[in-house]
Every structure is written in structure tokens, then in C-alpha cells.
Amino acid sequence: MRRRSFLASLVATGPSLALQRAADAEQRTQQATRGMRTPLIRDVQVIGVQPGNVRLVVVKVITDQDGLYGYGCATFTQRADLVVPAVEKYLRPFLTGRPADRIEDLWQAMYNSSYWRNGPVLNNAISGVDQALWDIKGRQAGMPVYQLLGGKCREAADLYVGVNGANVSQMADAIRKAQATGYRHFRFNVGGDVAAGSPGVLHSATAFDRSTYIRAILATFEGLRKELGNEVELMNDVHEKITPTQALQLCRDVEKFRPFFLEDPLSPEDNAYYRIIRQQCSTPIAMGELFNSPHEWTPLITERLIDYIRVHVSQAGGLTPARKIAILAEAHGVRTAWHGPADVSPVGHCANLALSVAAYNFGIQELAAFNDATREIFSGCPVVKNGYGYVNEAPGWGVEVDVKAAAKYPFRQDNNERGRLNGGWGDVRLPDGTVIKQ
Ligand code: GCO
Ligand code: MG
């Protein structure tokens, strides 16, 4: 205020255009921030919890203004222990003292501060801070983050639910049960396991047989269409377990079952094969949860080689890059289907939902269920009604973390392979022993 009256007095005593402009700019800043002082980052903390089978990582950015802080999702569950020091050792000293209201600037600064970039660990660390800064801006503005993205294009996000079953009729029952609670879209996964010791299996572990897997996918689509008809929306996650040639054949063979989408028929390493698939069938493709870099999503979107972009928001670096992906996708007729399984924290799910209600080119949203322990740690977990996911209307993400409850659920060393591997995955092998992507 004192600075403004000084500037005004200078103008009164014989104004120069530059001074006038400076005074105007100052006034505009005051109006824009309604006198809100720029919050400075005082601390950056990491909260690692395991309320269920997966490890969740959330970043808390604390500002120099009492009670003004924010949370962001940095969950890379297979390497959660590596994200913690990436934040504490590198981003905390880098950010402390900087203005928390310059989100794009800080994103670019963090992104470039490691020189080498676009990796899952660093992107998740950046995401945790980025989403926390959006939370802070929403809390400062007294608005939910989706309002900062331009407000709602729809009341809520249509969700799909994952269904399992040992056979088609069990899956059909699971779908009917979920339909009764309001869901309209269903994704099924099948197995391709061949028991250890079976003829042709050259190693002692359970093997994975690709042909068995592909036949199971086709038989399940056929069986579910017979049981449930053509109206129900069906999807399958191929999970990049087959060869590009098999993926091409599968995309052609499922076409007659009119899937809502087929997910990850290819690995990111084989993205170029989508040009061939696109020329040969119209099966809708969803891809992207494994993407960490613009080099992966840009060509698939700009060449219209996929129909749904399924980026895991924290793997791309947070809300800031994700909203740009949504805008690029809109310009190319690609819809959003943000990755939303159990290895996304409730904060990350809020970010997914904000993007899903605010972006015009919404497709579908995945939203994992939250167990009691997760709800004990995180208040403000998104609400699901009638197969729709609802954004919180509270400022920011509308999520609070109970640190006492969080302390009850540290990362566990369960007595199983995931526990032994600190949340990492073991290997999956073909009958001849070849290790494959899983
Ligand atoms: C999905 C995914 C998950 C991943 C998991 C990896 O589409 O929901 O493919 O099932 O396997 O998120 O940690
Ligand atoms: Mg998937």
C-alpha cells in the first residue's frame, strides 16, 4: 500500500508515461491478487503411506502464510522409496523461499533443474509439488481447482469399473451387479498363465502364454456380448503383454464386438505400430499410462493414432502438463481417460476428476475404490454416485491428510514378492523362459 501511494504521489507531481504504466500495473496486480500477498514456499514434505496393497506418495508444500499449504500426488508405487529423496534432497532446497503462486514458472524450473528429464521418478516428484501448488492457489482463491481450469463442462465424470471373474458368467454377474449401482462402462482383464511344469514350460515358475491370453480376451468379449447384449460398454486392458503383430490381429478381431476401447495393445516402445493398426481397423484405442514424455504422447495425438489418452498424471509431471495434453488432444479429436487405479492417491484422483469435468474432450474416467484406512488418512476422497465421480466443491482439492493416521500406515515389507521388492514387480516369463513386459 505505502509503495502504491508513493507511486501515486510521483504521478501527481508531473506524471511520465512509464511511471503511469508502472502505477497501473501495480494496481492491476493488487486487484488480481485482491491484496493477497504472494505466498513463499517455506517447506516441502513427503508423506509415504501404505493403507492397502500399494504404496502412495503425497507431497505437502507449506507456505509462509499460516494455514496455507497444499497437497500433490507423487505416486510411483513400484519405486516409491526413490521419489522421497528426489523431493527432499533436490526439490525442497530448490523451492524453499520461492513464490508459490508461479506454477508454470516453477514447473519449468524444476523440470530443467535436473538437466536430464522426463523420467518416472523425477516426474512424480515434480507432480507432487505441482499439484500442491494448484491446491494452494485454489485455497487462496477460495475455489476448487476445476474452477481455476475454467469450470465444469459436465456435472460429474462418467466412470468405468473393473470386473473380474474366473469365467464369462461370473464376469457377466459382476457387470450386472455393477450396473445395479449405476455403472455403464466395464473393463475386464483376463489371464494367460500356464502352470509351472506344464508341457513346454522350460522353467520352474508360472509361465505366461500369449496365445492363451489372446484367445481368452476374444472369448470373453464374445461371451459377454452373448450374455449382456450390445448396449453394455465393454473394454479390455491388454497391458502391453503381446507382440505388435498379435496386437494388430487382436485389434482387428475384437472390432466386431465393438469395444468402447482396447487399452495398451502395444508398448510405448512400439508406438509406431499404431500407424499400421490405424490403417487396418477402427477399434478405439486407449494408450498412455506408461508415458513420461511428450515424445510419447505428441505423435499419437497429433497423428490421431489413438482415441483416448490415458496418461497417469503424476508420471507426466502433474496437472500443469496434463491440462496441456488435454488441450492438444481436444484439437485432434482425442478424448481423455486419465489413469486412475489404486496406485494413485486420493489427491491424484481429485486431479483426474478436475481435468475430467473441466476439459471439453472428456472420454471416461477410472476411479479406484478407497478402503477404510485410506479414508482414515485422507479426508475428502472423491464421491461416486450412480457410476459418476464427483469433484469436491471445497477450495483446492478439498483433501486433508491426517498425519497421525498416516503414521499408522507406513510402507510395509509384506512377506510376499512385492514386499521383498519394496513395491517393485517381479518378472513374468513365456513358457520358453523369455521375460516379457507385464
Ligand atoms: C490400469 C493399469 C493398472 C496398472 C497399475 C500399475 O489400467 O489401471 O494398467 O492396472 O497395472 O497401475 O501399477
Ligand atoms: Mg492399464
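## A loop residue to start with

Arginine 258 is exposed, with a relative accessible area of 64%. You'll find arginine 258 in the loop between helix H9 (244-254) and strand E9 (261-263). Its backbone is worth a look too: arginine 258 has a positive phi of about 45°, although it is not a glycine. Keep in mind as you browse that this is a predicted model.

Asparagine 386 also isn't a glycine, yet it has a positive phi, here about 55°. That one sits in the loop between strand E15 (383-385) and strand E16 (388-390).

## Around ligand 1

Now for ligand 1. The residues around it are Gln78, Arg187, Asp237, His239, Glu263, Glu289, Arg310, His339, Pro341, Asp343, Glu366 and Trp425. Sort that shell by type and you get 7 charged residues, 3 polar ones and 2 nonpolar ones.

A few side chains can be picked out by distance. An N or O atom in the side chain of aspartate 343 is 2.6 Å from an oxygen atom of ligand 1. For glutamine 78, the distance from a side-chain N or O atom to a ligand 1 oxygen is 2.8 Å, and for glutamate 263 the figure is 2.8 Å. On its own, ligand 1 would expose 330 Å², and the protein buries 84% of that.

## The magnesium ion

Ligand 2 is a magnesium ion, and its protein donors are Asp237 (OD), Glu263 (OE) and Glu289 (OE), lying 2.0 to 2.2 Å from it. Along the chain, these donors follow the spacing D-x25-E-x25-E. Aspartate 237 belongs to strand E8 (residues 233-237), while glutamate 289 is in the loop between strand E10 (285-287) and helix H11 (294-302), so this pair ties together parts that are 52 residues apart in sequence.

Are aspartate 237 and glutamate 289 buried or exposed? Both are buried.

How many disulfides does the count come to? The answer is 0. As a reminder, a disulfide is a covalent bond between the sulfur atoms of two cysteines.

Cysteine 153 is partly exposed, with a relative accessible area of 40%.

Cysteine 251 is in no disulfide either; its nearest cysteine sulfur, that of cysteine 281, is 5.0 Å away. Cysteine 251 counts as buried, at 0% relative accessibility.

How values were computed. Residues are numbered from 1 along each chain as its sequence is written. Chains are lettered from A and ligands numbered from 1 in the order in which they are written. This is a predicted model: local features need pLDDT of at least 70, side-chain atom pairs count only at pLDDT 80 or more; totals for chains, interfaces and linings use all residues. Side-chain values use heavy atoms; hydrogens and water are left out. A residue is near a molecule or strand if one of its heavy atoms lies within 4 Å of it. A polar contact is a pair of N or O atoms within 3.5 Å; within protein, one must be able to donate a hydrogen and the other to accept it, and residues adjacent in sequence count only if both atoms are side-chain atoms. Accessible areas come from the Shrake-Rupley method with a 1.4 Å probe; for residues, only the protein chains shown count as cover. Ala, Val, Leu, Ile, Met, Phe, Trp, Tyr, Cys and Pro count as nonpolar, Asp, Glu, Lys and Arg as charged, and the others, Gly among them, as polar. Donors are N, O and S atoms within 2.8 Å of the metal (3.2 Å for Na, K and Ca); water is not among the atoms, so sites may look incomplete. Helices (H or I, at least four residues) and strands (E, at least two) are DSSP runs, numbered from the N terminus. Buried means under 20% relative accessible area, exposed over 50%, partly exposed in between (1.4 Å probe, protein chains only). A disulfide is a pair of cysteine sulfur atoms within 2.5 Å.
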